[in-house]
Amino acid sequence: MDIAKLIKSRRSIGAVSEKDVPDEVIQELLDIAVWAPNHRKTEPWKFRVFKGDARVKLGEEMARITKKKVAGLSEEEAQKKIEKVRKGPLRAPVLVILAASPTGKNPEIEEVVAAGCVLQNLLLAATEKGLATICRTGDIAHDPELKQYLKLEEHDKVIGIVYIGYPKQEYNIKAQRVPAEEKTIWFK
Ligand SMILES: Cc1cc2nc3c(=O)[nH]c(=O)nc-3n(C[C@H](O)[C@H](O)[C@H](O)COP(=O)(O)O)c2cc1C
């Protein structure tokens, strides 16, 4: 697909079927995604892939962590929040958690940006293959305890949880962007 068309047609889509996305397809997407620019070739990113029952266990871990953080909410609100977090990972057959892993060789922002480029590569490569994706975060994504569960280092930063699956239907989602012109000053 023409690159401009691909970039503009990518949309965040959460509603996917339970149909499995083969491991080889996910591996191929990750192998494409890592072709991102990165200063001093530090390649400051890590992936954690969840499929099958590992998603259930991830949801349980997220619920366990969330339970500790619902002070101040009513019993009903707390329960609702915990259950939402528990079920979260079941919304797609595959979750790719992408983290930036700053190496100290570059300013941290540069390493985070490089991982952000990986994110966009991943989303576009998936779109090109007819897969639906959405990157989600929320408080839980940045929780230090979750990082441990994900076998990430303390200084690693979760960029997002990318939900990947086959779309339930064809979507024609209207989207728009503020023209770049409105955010640009040219110096000539
Ligand atoms: C780092 C990052 C985190 C995001 N977190 C969430 C999220 O927690 N929940 C959500 O619904 N969408 C999340 N999104 C997706 C945005 O909502 C989405 O990209 C935006 O609405 C624009 O829509 P589009 O992706 O279809 O162009 C996130 C996107 C990025 C890049």
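By class, how many nonpolar, polar and charged residues does the shell around the ligand have? Hello everyone, let's start there. The shell has four nonpolar, three polar and four charged residues. Here Ala, Val, Leu, Ile, Met, Phe, Trp, Tyr, Cys and Pro count as nonpolar, Asp, Glu, Lys and Arg as charged, and the others, Gly among them, as polar.

A word on the source: this is a predicted model, in which local features need pLDDT of at least 70 and side-chain atom pairs count only at pLDDT 80 or more, while totals for chains, interfaces and linings use all residues. Residues are numbered from 1 along each chain as its sequence is written, and side-chain values use heavy atoms, with hydrogens and water left out.

Now, who surrounds the ligand? Among them are Arg10, Cys135, Gly138 and Arg177, where being near means having a heavy atom within 4 Å. Strand β3, residues 132–136, gives the largest share of the shell, three residues; strands are DSSP runs of E, at least two residues, and helices runs of H or I, at least four, numbered from the N terminus.

Let's look at some distances. From an oxygen atom of the ligand to a side-chain N or O atom of Arg10 there are 2.8 Å. For Arg177, a side-chain N or O atom is 2.7 Å from an oxygen atom of the ligand. Cys135 uses its backbone: an N or O atom there lies 2.9 Å from a ligand nitrogen.

Finally, two helices. Helix α2 (residues 23–33) packs with helix α5 (residues 108–128) at about 135°, their axes 8 Å apart. Axes are lines fitted to C-alpha atoms over the stretch in contact, and angles run from 0 to 180 degrees between N-to-C directions.

Note on methods: A polar contact is a pair of N or O atoms within 3.5 Å; within protein, one must be able to donate a hydrogen and the other to accept it, and residues adjacent in sequence count only if both atoms are side-chain atoms.
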